[in-house]
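Hello,

Here is the structure I promised to pass on.

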Amino acid sequence: MSDINSNIPEGELTSKWTKYKSSVPLVNPSNKRTIEVIIVGSGLAGASAAATLAEMGYKVKCFCFQDSPRRAHSIAAQGGINAAKNYQNDGDSVYRLFYDTIKGGDYRAREANVHRLAEVSANIIDQCVAQGVPLAREYGGLLDNRSFGGTQVQRTFYAAGQTGQQLLLGAYSALERQIGMGKVEMYTRHEMLEVVKIDGKARGIIARNLITGEIERHFGHAVVLGTGGYGNVFYLSTNAMGSNVTAAWKAHKQGAYFANPCYTQIHPTCIPVSGDHQSKLTLMSESLRNDGRIWVPKKKDDNRKASEIPEEERDYYLERRYPAFGNLVPRDVASRAAKERCDAGYGVGASKLAVYLDFKANTERYGRIEASKSGIHNPDKETCMRLGTEVIKAKYGNLFDMYAQITGENPYETPMRIYPAVHYTMGGLWVDYNLMTSVPGLYCTGEANFSDHGANRLGASALMQGLADGYFVLPYTIGAYLSKEISVKAIPTDHPAFVEAEERAKGILNTLINIKGTKSVDHFHKRLGHIMWEKCGMARNEKGLNEAIQDIRALRAEFWSNVRVPGSADELNTELEKAGRVADFIELGELMCIDALNRNESCGGHFREEYQTEEGEALRDDENYAYVAAWEFKEGVNFELHKEELKFENIKVAQRSYK
Amino acid sequence: MSTGNMNLTLKVWRQKNNNTKGALVDYKLAGISPDMSFLEMFDVLNEDLITNGEEPVVFDHDCREGICGMCSMFINGRPHGPKDLVTTCQLHMRSFKDGDTIVVEPWRAAAFPVVKDLTVDRSAFDRVIAAGGFISVNTGNAQDANSLPIPKMQADAAFEAAACIGCGACVATCKNASAMLFVSAKISQLALLPQGQPERYRRVQSMVAQMDAEGFGNCTNTGACEAECPKGISLENIARMNRDFASAKFVSEETV
């Protein structure tokens with residue numbers, strides 16, 4: 001069935017990576033000094049790779065569109081990072097992390113990649129601690145762990161609600177160290193606009209200096225994209241405003257296959273939309289589900305305040321439907337369950353598109369423990385709540401503050417209102433075992449690739465994958481390619497391929513500036529987001545997807561004839577930057593709908609209403625769809641499907657159950 | 001497009017680029033909702049400007065959830081506006097009143113030159129970190145994470161210093177445009193941890209030297225930086241940095 005080769009090494013699953021590492025060709029130190037690698041993106045996947053490759057001796061150039069590599073959106077990850085350390089002695093192992101990740105991904109990820117991820121997970125924690133990343137500790141001085149969705153062990157390491165920030169600052173400091181030593185040339189406020197291919201291989205990029213507008217040509221023996229996910233195709237998401245698909249999409253248009261674009265993660269616990277003006281949605285970490293219980297009123301259209309609804313009139317629907325995992329079911333399951341309740345008329349708040357996340361029971365429980373610690377027997381409820389609030393504050397204080405600031409409500413007193421929002425994209429550029437795309441010499445790491453999370457990512461696994469790729473996987477696998485490139489001298493950037501790529505990039509910028517239409521870029525972005533959310537969001541069906549494809553094509557035509565981009569291309573022009581990104585989102589949106597329409601099954605984050613069990617759970621079709629859908633871009637915004645068959649030799653494929 | 005009923009007058013700093021002179025320009029805005037964030041209010045202003053054929057106001061922003069450190073507006077004389085412990089992106093219009101006049105300027109410091117409108121160049125911060133804000137450990141060198149127990153109090157104190165988002169509010173608010181709160185937060189984080197000890201005195205010397213080279217001013221203990229820091233970074237860090245800097249002259253064999 002496969003017509004593409006994933007280059008998975010032969011041998012037992014558990015020894016593939018070890019064997020690979022000890023047999024992969026090496027590049028000797030004197031050759032490394034002359035080999036140049038371009039890294040686009042400075043988040044966990046980009047910064048860690050840039051620092052590590054520079055430490056190894058390669059000449060590295062790193063690019064980011066923000067004013068500093070420290071701003072990359074990895075910084076906003078809250079909850080934690082998984083690792084199979086088994087520090088809690090609760091039976092964790094590499095195999096269990098591997099198993100949970102494959103199952104959590106609804107059996108749509110590659111076994112060999114996921115096992116490798118689980119193997120290197122422990123090294124990541126070691127590396128970060130050595131860098132001085134202040135992960136949470138217990139009083140004995142050892143590292144603390146907490147639970148996350150979709151698992152029954154405590155393997156999540158964290159730094160309050162700011163784990164991504166701390167890990168990114170660790171990678172950033174390693175990167176800055178190499179910059180200071182002159183081993184990495186950093187290009188901030190630069191946006192990649194084209195991949196340059198020579199004789200079929202990636203040999204550089206075209207980038208725009210966002211301050212001067214100057215178009216620059218950069219050569220590299222290899223190019224690595226660590227450019228993040230494409231959740232902003234929905235306009236409203238938990239992504240940063242600047243997060244975009246442009247680098248990955250330009251690579252796609254140069255021949256890199258785009259895999260499983262329809263797999264999007266809708267995170268169950270976000271602050272609900274409050275009005276039309278809204279520019280982004282804010283996540284409330286999954287870690288809150290450790291101590292928060294999710295409920296809606298048992299009565300339809302119940303307009304009473306949460307505090308006025310007695311215990312017996314509350315429906316803790318996750319605990320009811322999934323007694324084994326309760327509030328800690330995986331994200332896709334929790335999101336769909338919230339949508340089901342709200343669609344059925346049980347939603348809360350003004351919009352009725354929200355459910356409660358209630359900390360009262362656990363606040364009281366913690367208070368009782370604290371009281372007994374300080375020798376207060378039979379404490380009254382008030383004392384329990386007071387002491388328990390202190391515990392909750394210590395665990396989640398920054399998240400509670402953020403909630404209060406955004407909603408104007410005090411979550412210590414009333415339950416949080418939450419609703420699902422677009423958060424992460426499992427799809428991305430197709431890569432083989434080496435993390436190389438279908439374009440030789442072009443690599444892709446982190447959220448930007450499709451490789452490890454199947455159809456649904458488990459909480460605290462994004463940070464793990466980004467750092468695994470950048471610190472421990474790519475630095476080895478890229479050697480396999482570069483060892484054959486040692487005789488290639490740096491190609492001068494007046495080569496026709498650079499000239500041509502630059503012309504393409506300039507052509508697009510000039511077209512955008514000269515349309516001089518009547519509607520702003522945001523206007524089109526919002527309309528695209530609306531189509532995607534309504535028809536390719538938490539639930540999809542054939543009719544809606546067909547409509548969406550037509551709507552998006554019409555929107556694309558309108559965009560290219562009526563967008564207004566003020567200013568010029570030779571200055572800092574944020575509208576021009578956005579216009580280029582939205583143009584790419586529009587094309588991607590169409591491909592997402594095509595992919596969702598092609599996949600006649602439900603799995604993980606992809607829920608086709610036609611394919612569900614009687615209980616409303618996702619119904620997979622392993623016989624016909626146990627494959628990675630890798631799409632090839634064809635002239636005129638058309639796409640051709642290639643399939644990579646997924647073989648499960650070490651895990652028994654089963655109906656996913658969290659009951 | 002907006003749903004609220006607040007009317008505002010904005011006085012916004014407009015400057016085409018670093019080679020031109022800037023000025024405050026007045027804008028009237030109507031129908032602002034108290035639920036909007038301050039940046040969403042600017043989105044409304046920019047949408048109006050674009051529709052009217054004018055150039056939108058350029059400002060830095062990205063995550064809009066208070067953690068990336070990119071947003072940087074000096075609002076009514078205070079970095080990140082009137083509320084404590086909040087970045088501009090997390091400031092909401094309910095913190096203002098109908099009819100208010102709001103003055104919005106960029107960060108003002110010689111070491112943070114204006115790029116355009118409200119956007120400034122903060123790359124000096126990156127260069128200070130590159131001078132020593134790290135632990136020299138290559139990938140692959142690490143021992144097991146739990147082989148080095150660190151007392152919780154110490155780990156928590158390091159975390160509090162590490163919570164700095166590098167926004168530059170401390171510099172913007174300081175009458176001397178001093179970067180000591182930012183620099184000392186990184187120095188403290190690493191000085192409080194055992195992993196940071198081998199380079200402790202070398203680090204403080206190189207980072208302070210770079211800070212001075214960038215043109216940041218000195219600290220005169222006013223404390224505005226701590227008061228305005230959206231992450232509550234403490235002045236104690238500056239004291240720790242000064243102690244380490246002085247000690248370095250005695251205990252360190254290396255002079256950087």
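Below is what I found, going from the whole chain to a few single residues.

Please keep in mind that this is a predicted model, in which local features need pLDDT of at least 70, side-chain atom pairs count only at pLDDT 80 or more, and totals for chains, interfaces and linings use all residues. Residues are numbered from 1 along each chain as its sequence is written, while chains are lettered from A and ligands numbered from 1 in the order in which they are written.

Chain A has 17 helices and 19 strands (DSSP runs, H or I of at least four residues for helices and E of at least two for strands, numbered from the N terminus). Its radius of gyration is 24 Å, close to the 26 Å from the globule rule for 659 residues, so chain A is as compact as a globular protein of that length (the radius is taken over C-alpha atoms, and the rule is 2.2 Å times the number of residues to the power 0.38). Buried residues make up 60% of the 659 in chain A (buried means 20 or more other C-beta atoms within 10 Å, exposed 12 or fewer, partly exposed in between, with C-beta atoms placed from the backbone).

Now the interface: 63 residues of chain A and 68 residues of chain B take part in the contact (C-beta atoms, placed from the backbone, within 7 Å). On the chain A side, the largest share, 9 residues, comes from helix 6 of chain A. By class, that side has 22 nonpolar, 26 polar and 15 charged residues (Ala, Val, Leu, Ile, Met, Phe, Trp, Tyr, Cys and Pro are nonpolar, Asp, Glu, Lys and Arg charged, the others, Gly among them, polar).

One helix pair is worth a look. Helix 13 (residues 496-515) and helix 16 of chain A pack at about 110°, with their axes 10 Å apart (lines fitted to C-alpha atoms over the stretch in contact, with angles from 0 to 180 degrees between N-to-C directions). The contact involves A:Ile508, A:Leu509, A:Leu512 and A:Ile513 of helix 13 with A:Leu576, A:Ala579 and A:Gly580 of helix 16. By class, this contact has 6 nonpolar, 1 polar and no charged residues.

Finally, two backbone angles in chain B. Most residues other than glycine have a negative phi. Yet phi of B:Asn76 is near 50°, and B:Leu85 has a positive phi of about 60°. B:Asn76 is found in the loop between strand 3 (74-75) and strand 4 (78-79) of chain B, and B:Leu85 in the loop between strand 4 and strand 5 (101-105).

Best wishes

Notes: Contact = placed C-beta atoms within 7 Å.
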